[in-house]
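Have your viewer ready and your selection tool at hand. We will go from one stop to the next, and at each one you will hear what to select and what to look for.

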Amino acid sequence: MFNTKTIIAALAMVAASALAAPAAQAAGEAPHIEKQDWSFAGIFGTYDENQLQRGFQIFREVCSSCHGARLIAFRNLAEPGGPGFSEAQIKALAAEYEIADSTAEGGVRPGVPADRWPSPFATEQDARDANGGALPPDFSVLAKARGVTDAFPWWLTNYFTGYSEGGPDYIHALLTGYHDEAPEGFDLPEGKSYNDVFPGHAIGMAPPLMDEMIAYTPGEDGVEVPMTVDQYSKDVSAYMMWMAEPGLVARKETGFRVLLFLFLFAGLMWATKRRIWKGIEH
Amino acid sequence: MSEHSTYTPGSGVEKWLDERLPIIRFSKEHLMDFPTPKNLNYWWTFGAILAFMLVVQIITGVVLAMHYTPNVALAFDSVEHIRRDVNGGRIIQATHAVGASMFFAAVYIHIFRGMYFGSYKAPREILWILGVLIFVLMMATAFMGYVLPWGQMSGWAATVITNIFAAIPVVGTPLLELLRGGFSVGNPTLNRFFSLHYLLPFVIAAVVVLHIWALHVPGNNNPTGVDVKSSRDTVPFHPYYTMKDLFGIVLFLIPFAWFVFFAPDILGHPDNYIPFNPQVTPAHIVPEWYFLPFYAILRAIDFNILFIDSKLGGVIFFGGSILILFFLPWLDTSKVRSGTFRPMFKWFYWLFVVNFVALTYLGAAPAEGIYVVLAKITTFYYFAHFLIILPLLSRLETPRPLPTSISESVLGKAHS
Amino acid sequence: MATQAEHHSTRRDFLFVATGAVGAVGAAAVVWPLINQLNPDASTLALASIEFNLAGIEEGQSVTIMWRGLPVFVRHRTPAEIAEAQAVPLSELKDPATDQERTKPGHEQWLVMIANCTHLGCVPVGDSGDFDGWFCPCHGSHYDSAGRIRRGPAPTNLVLPPYEFLSDTLIQIG
């Protein structure tokens with residue numbers, strides 16, 4: 001059916017189509033980013049509910065004082081494939097926040113599950129003023145707006161493994177990549193911190209996490225999760241990935257069924273085609 | 001081509017219809033009975049795959065337009081709204097975005113198949129030219145579609161690509177403002193790109209009709225490049241090629257589904273998840289992979305040529321690299337169509353493929369150091385292939401003997 | 001020979017039928033999401049059910065709130081309006097319904113209705129008309145203090161949305 005030349009040509013085409021963005025990223029001096037084992041990686045990947053709840057706790061107690069998540073509605077937190085909060089929990093949570101509503105008395109009202117996560121600052125300028133001129137990025141899709149660069153030719157394998165966890169890997173590396181002091185000879189501007197993976201190394205955000213900073217309550221199974229910067233970073237990265245891609249679990253489940261179907265249908269089509277062409281020399 | 005028709009209206013109603021609108025007769029002649037060489041290999045299924053992809057893109061695109069808002073303040077969030085809230089939206093959006101890449105992967109295979117088997121040679125020059133026209137329209141459509149999510153890559157792609165037109169002497173700047181509807185890329189740009197992105201696929205569909213029309217006049221080329229001599233050389237399109245093409249489409253759907261469901265963003269760029277900010281350009285801006293070879297050519301001209309400055313020079317070479325395809329039928333004058341019987345052409349063909357892949361790679365590489373030199377060499381070779389190698393080859397090369405007919409060639413194959 | 005050919009043709013038929021059937025299932029599975037995307041999306045559904053606090057509404061006062069994109073009248077009726085509505089004999093009504101059917105037991109002072117005239121959808125004006133209820137200025141429909149049609153082109157009473165009292169002052173509509 002296919003001769004050698006055909007296969008070579010196919011490989012050339014695959015290579016051509018695969019030579020995409022990563023080649024560009026390969027250029028700049030890319031800091032090494034340690035890839036983590038994420039529960040949501042791979043064909044059967046799903047979010048770990050407990051991890052998302054812990055990540056949400058960090059987001060709420062630490063990050064959300066500066067970072068918004070304008071695309072996230074409170075109701076999302078109770079939707080399947082997410083942190084798995086109950087409807088009642090979400091209702092109570094939403095009610096703790098004040099939502100700007102021009103039709104409400106006084107312009108604000110308590111939140112309801114349908115509301116979006118309120119921004120910590122009214123305007124972009126307010127956000128900059130409160131953060132030394134730097135704008136804390138919105139978290140809604142941040143985990144998909146960051147990536148990891150692999151050296152040639154290793155990024156080619158990503159197309160076959162479906163590696164889509166570059167965002168959380170980067171965020172984890174960033175949160176664990178702070179140094180108390182900049183290396184010798186690095187001119188760190190006033191008010192900035194030194195970070196291994198942040199482009200240019202001088203980051204406006206001071207190290208946001210410290211060991212033992214947030215108290216985790218042990219889960220029902222009694223397993224105690226370590227309260228370390230590394231663990232906090234993993235949890236909040238996972239949570240940010242969920243915010244960016246809340247439908248990931250459903251998408252992969254559907255995809256698995258679609259692929260099974262396609263393999264079955266391809267097999268049948270192959271047999272049908274062969275049967276029809278039987279007796280025709282071609 | 002009514003001589004192929006075996007259609008006799010079965011009932012009175014069919015007869016009545018046939019005398020007024022012979023649509024059943026037409027379908028039977030062109031979709032079912034059409035005599036097709038029986039030795040077409042799987043590379044020939046990409047025509048059907050492309051027709052399928054155009055339908056996929058139009059259907060998913062119409063759906064997305066029901067939920068998308070072409071306004072700079074709302075576009076980014078409306079795409080996220082599709083992904084998050086619309087029923088099945090993440091899949092439909094991913095199918096459209098990944099679909100663009102798959103469409104181009106298929107069209108490149110289709111083009112390179114035509115180049116290897118000499119499908120552009122007489123009497124199929126118009127067929128080839130229409131194909132190149134479709135390719136150009138596809139590039140315009142894909143580019144404008146990429147702008148619609150209004151992320152960083154969208155906005156900067158729009159800025160960079162519209163700036164190409166500013167290189168044109170005298171009318172450049174007024175033309176640039178005309179295209180953008182302003183002094184910079186903004187809301188008018190986005191809104192008109194949306195309008196044109198919706199329009200162009202239907203123009204493509206119309207040219208595809210002409211493309212198939214031009215195909216059905218001489219009929220298909222085939223791997224031997226030898227003309228069909230008798231009905232023993234052909235089989236009816238249905239069921240032989242309908243089923244083979246359908247099998248090809250199903251196989252094609254497997255990698256397509258893989259990307260849609262398991263890595264929908266891997267063919268894109270993370271920066272496009274950052275809303276467009278006209279004050280900050282991303283560190284590395286690269287077009288989508290399918291534009292990279294031509295983008296590499298655009299960037300390779302970083303020197304003035306006589307009175308032409310480097311910017312205009314880049315644009316001329318960029319445009320020329322696509323325009324030259326229109327002239328391919330007259331640059332390759334060899335009488336033998338199929339590369340299979342052209343021992344020297346074969347080598348240069350594969351060299352051209354490698355060179356094209358290299359251009360793809362260089363289009364994404366930063367414009368510095370060794371990459372700049374390589375980009376110049378590969379750009380030169382791209383043009384040399386068409387302007388020097390192909391015309392020379394047809395004079396120097398001694399082709400291998402051709403089989404007398406398609407039937408003979410497949411008989412030989414069956415026993416080997 | 002004959003049986004062998006027959007055997008072949010059945011196997012062939014089975015293969016073609018199986019392929020066709022699987023293909024049809026696949027096509028249907030593709031068509032459904034393309035139709036389903038037209039249905040209300042998650043952000044719309046999230047607002048399908050709302051809660052509303054009645055505490056601030058004085059007797060005799062009426063407010064209009066929005067529910068699923070429709071205006072909804074919430075009226076705190078006076079005892080006089082309730083008595084008037086309850087006194088109307090069913091025989092006088094174009095679309096017979098008792099006042100009890102128009103309200104929730106124990107909460108007769110609260111009238112919650114979709115504020116679109118059942119004629120052609122205009123929003124009637126409150127505290128007006130010939131029956132101490134609502135009057136639709138578009139085509140002259142008169143509604144009484146229970147929102148029932150009394151005179152004019154409208155065919156039915158003002159529509160009641162599905163709602164329930166979560167507490168004495170909190171209702172959930174939808």
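Begin with helix 11 of chain B, residues 292-300. Of its 9 residues, 8 are buried, so the helix is largely enclosed by the rest of the structure. Keep in mind as you look around that this is a predicted model. To see the enclosed part, select B:L292, B:P293, B:F294, B:Y295, B:A296, B:I297, B:L298 and B:A300, which are the buried residues of the helix. What covers them? Among the elements doing so are helix 5 (89-116), helix 6 (125-147) and helix 7 (152-166) of chain B.

**From chain B to chain A**

Next, show chains A and B together. How many residues does each chain bring to the contact? Chain B gives 62 residues and chain A gives 63. The two chains bury about 5500 Å² between them, with 73% of that area on carbon and sulfur atoms. There are 5 salt bridges across this interface. For one salt bridge, pick B:D85 and A:R75, where the closest N and O atoms are 3.2 Å apart.

**Inside chain A**

Now select A:D115, in the loop that runs between strand 2 (108-110) and helix 5 (124-130) of chain A. Is this aspartate buried or exposed? A:D115 has a relative accessible area of 10%, under the 20% cut-off, and therefore counts as buried. Show what surrounds this residue: beyond its neighbours within four places in sequence, A:D115 is in contact with A:I72, A:A73, A:F74, A:I99, A:R109 and A:P110.

Move along to the open sheet of chain A, where 3 strands lie in the order 3-4-5 with antiparallel pairing. Strand 3 (178-179) and strand 5 (202-203) are at the edges, each with a single partner strand, so one side of each has no neighbour in the sheet. Strand 4 (residues 193-195) pairs with strand 5 over 2 bridges.

**On to chain C**

Bring up chain C and colour its two assigned domains, domain 1 (10-39) and domain 2 (46-173). Taken over C-alpha atoms, the centres of these domains are 50 Å apart.

Zoom in on strand 2 (residues 62-67) and strand 3 (residues 70-76) of chain C, an antiparallel pair joined over 6 bridges. The two strands make a hairpin with 2 residues between them, and C:R68 in the turn has a positive phi of about 50°. Across the pair, C:M66 faces C:P71 in strand 3.

**Last stop: chain C against chain B**

Finish by showing chains B and C. Here 10 residues of chain C meet 9 residues of chain B. About 780 Å² is buried between these chains, and carbon and sulfur atoms give 59% of it. Which three residues of chain C supply more of its buried area here than any other three? Select C:L34, C:Q37 and C:D41, which together provide 62% of the area that chain C buries against chain B. If you look for salt bridges between these two chains, the count is 0.

Methods:
Residues numbered from 1 in each chain as written. Chains lettered and ligands numbered in written order. Predicted model: local features only at pLDDT ≥ 70, side-chain atom pairs only at ≥ 80, totals over all residues. Heavy atoms only, no water. Domains from an automatic or database assignment. Helix = DSSP H or I, 4+ residues; strand = E, 2+ residues; numbered from the N terminus. Buried < 20%, exposed > 50% of the residue type's maximum accessible area, 1.4 Å probe, protein only. Contact = heavy atoms within 4.5 Å. Pairing = 2+ DSSP bridges. Buried area = accessible area lost by both parts, 1.4 Å probe. Salt bridge = Lys/Arg side-chain N within 4 Å of Asp/Glu carboxyl O.
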